[in-house]
Amino acid sequence: MRVLVTGGAGFIGSAVTRLLVLGRGAEVLVVDKLTYAGDRRSLRACEGRPGFDFLEADICDRERMRATFADYRPDAVMHLAAESHVDRSITGAADFIRTNIDGTFALLEAARAYHSSLAGEAQARFRFHHISTDEVFGSLGPSGAFTEMTAYDPRSPYSASKAASDHLVRAWHETYRLPTLITNCSNNYGPYHFPEKLIPLVILNALAGQALPVYGNGSNVRDWLYVEDHAEALVSVVERGRVGETYCIGGHSERRNLQVVEAICDGLDARVPAGRPRRELITFVKDRPGHDARYAIDCAKIEAELGWRPQQSFETGIAATIDWYLANDWWWRPLREQRYAGERLGLPG
Ligand code: NAD
Ligand code: TYD
């Protein structure tokens, strides 16, 4: 397979690219703008491999995208490029509207022109896979889970921009018969996660002996999915998913934020004792505005249709993640020193 991966220098996109190139022997062209969240070092294991290529480009650049499709002639697009951090979307939504909505539109138009230029087997094989989030479904109460039938109810600028992009993708399928697939997944964690998100932020702050900020009272629930399990799910969908369908992907690992932070403290204490328990660093801070209470995914559809299931439990996944950050300061130290030092984001002035 020859796959164009947008956002492949980001957290999930780099996991997908490593799986495709190193695990599946696929040919991959990563298209990435290298924003603050993108880093070519996350693709170090793929550099120089046969069939791996990198193009620094903005998905909003329609002409460039059109030319890229025509030159590269992919069998599939896996579209992961996005602005992805809720707190940054609260501080300023412009980049989210631009990349997540306009960028998806530009890519859909480029894919449509390319798809209509194909014939026969090549046209039948082509897929446009849009990677989205469970946050488009809004906030759950104490029970229940999101499914593919859940109505859209986004509540943050980030989730609203992702919802808009999902609607565009569905419209391009219905109107132009572009062979699309959409996946909506829960919170990912694991190696190469930019340290603005809860889990890597807490690991690195705890290692530095800094305060561990828990928004509100720490009772918000997320369904944690190990990123390499997610990459496996995405590759199954692009290879075998039914055109026009949506698949929800979750980790069977609901945890309250405070439980997550405590698990990290205990995991670090067991590996690199600090003299006093790191739980003492936990600090409850002002809540995020519009903070969604709970997300949970029912992944019965992808499990039944494609036979995918997450391999990691939260306990094994968080242990692997802590071990990875302890062993790979070459990756995160420059990011903490040069791009983002851990200051609070997303409190409107
Ligand atoms: P990320 O922020 O780590 O990476 C995003 C990548 O996109 C970066 O490499 C960045 O340089 C690139 N990018 C941004 N704007 C671009 C533009 N205009 N043109 C080209 N490249 C651009 O994000 P992630 O966590 O890897 O998320 C990937 C996708 O998965 C996103 O679409 C996100 O909405 C979705 N998602 C993420 C999660 C999660 O927990 N991280 C959960 C559900 C869905
Ligand atoms: P985050 O990693 O930003 O993902 P999302 O908002 O997309 O779910 O946050 C995960 C949860 O952790 C969310 O409920 C907000 C909370 N949180 C904190 O309590 N402290 C923090 O410093 C951060 C970044 C997040």
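Reply: Let's start at Arg73, which counts as partly exposed because its relative accessibility is 43%; on this scale, buried means under 20% relative accessible area, exposed over 50%, and partly exposed in between, using a 1.4 Å probe and protein chains only. Please keep in mind that this is a predicted model, in which local features need pLDDT of at least 70, side-chain atom pairs count only at pLDDT 80 or more, and totals for chains, interfaces and linings use all residues. Residues are numbered from 1 along each chain as its sequence is written, chains are lettered from A and ligands numbered from 1 in the order in which they are written, and side-chain values use heavy atoms, leaving out hydrogens and water.

Back to our residue: the phi of Arg73 is near 55°, a positive value in a residue other than glycine. Arg73 sits in the loop between helix 2 (62–72) and strand 4 (76–79); helices (H or I, at least four residues) and strands (E, at least two) are DSSP runs numbered from the N terminus.

Arg177 also has a positive phi, near 60°, and is not a glycine. Its place is the loop between helix 6 (157–176) and strand 6 (180–185). The side chain of Arg177 meets that of Glu174 in a salt bridge, at 3.8 Å from N to O; the term stands for a side-chain nitrogen of Lys or Arg within 4 Å of a carboxyl oxygen of Asp or Glu. Glu174 is classed as exposed because its relative accessible area is 52%.

By that rule, the model holds 28 salt bridges. One of them pairs Arg288 with Asp87, with 2.7 Å from N to O. Arg288 is in the loop between strand 13 (282–285) and helix 10 (300–306), while Asp87 is in helix 3 (residues 86–91), so this pair ties together parts that lie 201 residues apart in sequence. Both partners, Arg288 and Asp87, are buried.

Another salt bridge joins Lys301 and Glu245, whose closest N and O atoms are 2.6 Å apart. Here, too, distant parts of the chain are linked: Lys301 belongs to helix 10, Glu245 to the loop between helix 8 (227–240) and strand 11 (246–249), and 56 residues separate the two. Lys301 is buried, with a relative accessible area of 19%, whereas Glu245, at 22%, counts as partly exposed. Salt bridges with shared partners join Arg242, Glu245, Lys301 and Glu305 into one network.

Arg288 leads us on to ligand 2. The shell here has 17 residues, and Glu135, Pro213, Arg222, Arg288 and His291 are the closest; a residue belongs if one of its heavy atoms lies within 4 Å. Polar contacts (pairs of N or O atoms within 3.5 Å; within protein, one must be able to donate a hydrogen and the other to accept it, and residues adjacent in sequence count only if both atoms are side-chain atoms) come from several sides. A side-chain N or O atom of Glu135 is 2.6 Å from an oxygen atom of ligand 2, and a backbone N or O atom of Leu198 is 2.9 Å from one. Asn257 brings a polar side-chain atom to 2.9 Å from an oxygen atom of ligand 2. The protein covers 96% of the 510 Å² of accessible area that ligand 2 has on its own, where areas come from the Shrake-Rupley method with a 1.4 Å probe and, for residues, only the protein chains shown count as cover. Helix 7 (198–207) and strand 8 (212–215) each supply at least two residues of this shell, and strand 8 gives the most, with three.

Ligand 1 has 28 residues around it, with Ile12, Asp32, Ser84, Tyr158 and Lys162 coming nearest. A nitrogen atom of ligand 1 is 2.9 Å from a side-chain N or O atom of Asp58, and a nitrogen atom is 3.0 Å from a polar backbone atom of Ile59. An oxygen atom of ligand 1 lies 2.7 Å from a side-chain N or O atom of Ser84. The protein covers 97% of the 840 Å² of accessible area that ligand 1 has on its own. Helix 1 (11–23), strand 5 (127–133) and helix 6 are the elements that give two or more residues to this shell, and strand 5 has the largest share, three residues.
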